[in-house]
Structures are given as C-alpha cells and as structure tokens.
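Here are my notes on this one, written as numbered points. Have the picture open beside you while you read.

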Amino acid sequence: HFSTTPSAQREIQSVIVVGAGLMGAGIAQVAAQAQLNVTMVDLSPDQLQKGRDIIAASVRRVAKKKFPDDEGKQSEYVDRTWSFIETGTKAEAVVAGADLVVEAIVENIDTKQKLFMSLDAAAPKHTIFTSNTSSLPIAEIAKVTSEDRQARFAGLHFFNPVPAMKLVEIVKTDKVDTETYQSLVDVTNRIGKTSVACKDTPGFIVNRLLVPYMMESLRIVERGEASLEDIDVAMKLGAGFPMGPIELSDFVGLDTLKSIVEGWAREGKVEPAFVKPVKQLTDLVAKGHFGRKTGKGFYEYV
Ligand code: CAA
Ligand code: NAD
C-alpha cells in the first residue's frame, strides 16, 4: 500500500462517528464500506442497536446491487463491511486512536460544544474534528476547542440517505488549514462521494437553496394557489427533481426544517422573506407530526 498524500498530511485510516442515528449510522456505513476503521458511538447500547439496524438494512441493499446474482459475494461484502465497524458509548475513551471525528449528534449547540470540549482534551494533536450539522455555524461549535484544533476543525455535511446521496459539503471556517481541507477532500473521495467546498455560511450550499424552496412550496399551499400533490408532481415532472418539495419536507423532517428556518431568523444573515413562518408547518410540528419519521406530516405514511 502506498500513498500519494504529501508528508505534512496524514492519510485518514480510523474514524470515530459520534451519533448512531439516521445520519451517523449512514456515515459509519459508507466509511466501513470504503475499508476505513470505524468506531460508532452513541449514548446507550439501545441507541447503538438502532444504528446497527439502520446499517444492516442498508448494507444488504448495497450488496444486492453490487452483486445482483451472487449471494455468496453479497454476504462476503456485508461481513467485510461489519468487520470494519466497532461500537462504543464513550467517545473520549476511543478518540486516542482516531485520525478523524465526525459528529452527527442532536442539533443543539450546547450539546455539540460539550462533546467537542471533552474530545479536544482526549484526542491526539493530529486528529481532525468535523461536524455534520445542518444549520449551526461550524466556527461557533469549534470555538470551545484549542486554537490548534480550530485549524483542524471543519464541517463535513452529508445528505440523507447517506448511502445513496453522492455529495459531501466541506465547510471551511476562517481558521481551518490547507492540509486539513485536503485530508477531508481525500477521505471523501475514498468514501466514494464527491465533495464541494463552501464557506461557513447559513445552509452552506445545498440547504441555502433547498430550504427557501421548500418553504416557498408550503406558502403556495398556504395561499391556496395549488394543492400539495400538484406541487410535487409539478417539480418532479417539470423540473426533474426525484421528490417534490412537500414530499422532501416530510422526508427531511418538519421539525428539522422549522428549526433550520428559526435558526436563520435568529442569526439574521439571510433574506427575511426566506424565513417567514408558515402556519401549517408550525401546527404540524406542535402536534408532533414531523413527517416520514413519525408516520405523518403533510402526507400520511403507513
Ligand atoms: N441505503 C442504500 N441505498 C439506498 C438507500 C439506502 N438507505 N436509499 C436509496 N438507495 C439507493 C438505491 O439502491 C438506488 O440505487 P440505484 O439507483 O443505483 O439502483 C437509489 O438509491 C435510488 O433508490 P430507489 O430506486 O429505491 O428509490 P428512488 O429512486 O425513489 O430514490 C431517493 C430514493 C434516493 C431517496 C430519491 O428519492 C432522492 O434522491 N430524493 C431526494 C433526497 C434528497 O434531496 N436528500 C437531501 C435532503 S437535504 C439533507 O439531507 C441535508 C440536511 O442537512 C437536511
Ligand atoms: P438522529 O436524532 O437520528 O440521531 C442523533 C443521535 O445522536 C441519536 O442516536 C442520539 O442518541 C445521539 N446523541 C445525542 N447526544 C449524544 C452525545 N452527547 N453523544 C453521543 N451520541 C449522542 O439525528 P440525525 O438526523 O442523524 O442528525 C444528526 C446530525 O446530522 C444533526 O446535526 C443534523 O442537523 C445533521 N443532519 C441531518 C440530516 C437529516 O436529513 N436528518 C441531514 C444532514 C445533516
């Protein structure tokens, strides 16, 4: 094995994914499929089991697609993927061996800062820290770590469903160094994704465009100009999107959508028209109807 990596830059071999939810499980899976050593961490064995279940269903699907007519090769692929995954409940206890940390825990600034503060003290100097946050400024999360670490701290933003979506946004703060950025480009390629670079701005690239689009689709409904179904059909057949904006809102999670918009409103950096609340969204979230994950959002899922 030989590497094309310049000497100042280490090749990433071991990754800790903190958070074994929808995103963390997907990130752990694609890293293991690329034969990186992965430790997936969550708060309890129960949460870790949920993460394992997400991976099990998805990796079987990937294996079937890779080797459609060969069950032997499918199970070999599945077993090999699992052989690269370990699990744990204390990130601080396993971070000593990590080249890269990918944080995919709950979207809360205090919780994320608390995690990174304790990881900073326990991690080797070279370890790169990243967050998969959808809506929080990376520099805000990173500021609780040392100056040295902030030079090795970036956003690494994956998309749902992680095994299927081919993009990763690499978010560069003002402090991140070139070697760190290059290491993240390399590791993203090895995972089989394409990366794009973006500054640490609200929504980065994808959500900055997607969220105002989804919100405006809800306002079309609010103004009574078209039905949910017709809006979705229109954007699928008229613009070639795989899902219409209302389906996509349910898929992303209405709680997530609402909290992204509210975060932007507080920060005050985007057009005020983009963050104008939509009553039906507020009402659905208040009732606990978050979309696909709760079985009901704008549509019902059985
Ligand atoms: N695991 C493994 N593979 C999966 C998968 C999973 N969980 N989900 C889908 N796939 C694969 C399938 O195997 C299939 O592969 P091929 O095309 O190579 O055969 C492919 O993805 C398409 O899947 P399906 O044919 O089953 O279904 P589909 O064509 O209806 O696509 C979809 C499903 C990929 C989800 C598609 O509808 C889509 O792209 N939707 C838009 C998703 C999107 O925009 N995501 C981003 C949301 S924003 C975000 O995530 C950022 C944030 O911060 C909130
Ligand atoms: P999720 O609720 O499915 O999973 C979060 C997991 O983190 C849970 O299993 C929870 O037990 C665990 N957790 C919470 N605090 C923890 C801690 N201190 N230590 C270890 N584990 C902890 O959430 P998700 O949808 O996977 O989102 C995770 C992150 O990814 C968020 O920052 C979110 O904004 C971002 N994101 C989400 C999406 C999406 O479409 N869902 C897309 C891109 C990015």
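1. Val 285 has a relative accessible area of 15%, so it goes down as buried. Here buried means under 20% relative accessible area, exposed over 50%, and partly exposed in between (1.4 Å probe, protein chains only).

2. A word on ground rules. This is a predicted model, where local features need pLDDT of at least 70, side-chain atom pairs count only at pLDDT 80 or more, and totals for chains, interfaces and linings use all residues. Residues are numbered from 1 along each chain as its sequence is written, chains are lettered from A and ligands numbered from 1 in the order in which they are written, and side-chain values use heavy atoms, with hydrogens and water left out.

3. Now ligand 1. Which residues come closest to ligand 1? Ser 58, Arg 61, Lys 65, Ser 134 and Asn 160 do, out of 18 residues that surround it. (A residue is near a molecule or strand if one of its heavy atoms lies within 4 Å of it.) By class, this shell has eleven nonpolar, five polar and two charged residues. For that sorting, Ala, Val, Leu, Ile, Met, Phe, Trp, Tyr, Cys and Pro count as nonpolar, Asp, Glu, Lys and Arg as charged, and the others, Gly among them, as polar.

4. Next, the polar contacts, meaning pairs of N or O atoms within 3.5 Å (within protein, one must be able to donate a hydrogen and the other to accept it, and residues adjacent in sequence count only if both atoms are side-chain atoms). Ser 58 puts a polar side-chain atom 2.6 Å from a nitrogen atom of ligand 1. Ser 134 has a polar side-chain atom 2.8 Å from an oxygen atom of the ligand, and an N or O atom in the side chain of His 157 is 2.8 Å from an oxygen atom of ligand 1. On its own ligand 1 has 1000 Å² of accessible area, and the protein covers 64% of that. Those areas come from the Shrake-Rupley method with a 1.4 Å probe; for residues, only the protein chains shown count as cover.

5. Where does the largest share of the shell around ligand 1 come from? Helix H2 gives it, with four residues. Domain 1 (14-199) and domain 2 (207-294) each supply at least three residues to this shell; the domain bounds come from an automatic or database domain assignment.

6. Over to ligand 2. Of the 19 residues around it, Met 23, Asp 42, Glu 107, Lys 112 and Asn 132 come nearest. Lys 112 holds a polar side-chain atom 2.8 Å from an oxygen atom of ligand 2, while a polar backbone atom of Leu 22 is 3.1 Å from a ligand oxygen. The protein buries 79% of the 850 Å² that ligand 2 exposes when taken alone. Its shell divides into eight nonpolar, eight polar and three charged residues.

7. Lys 112 turns up again in a salt bridge (a side-chain nitrogen of Lys or Arg within 4 Å of a carboxyl oxygen of Asp or Glu). Its partner is Glu 103, with the closest N and O atoms 2.5 Å apart.

8. Most residues other than glycine have a negative phi, and most peptide bonds are trans. Asn 160 and Pro 161, however, are joined by a cis peptide bond, with omega about -5°. Gln 35 is not a glycine, yet it has a positive phi of about 65°; find it in the loop between helix H1 (22-33) and strand E2 (37-41). Phe 204 also has a positive phi, near 55°, and Phe 204 is buried, at 5% relative accessible area.

How values were computed: Helix = DSSP H or I, 4+ residues; strand = E, 2+ residues; numbered from the N terminus.
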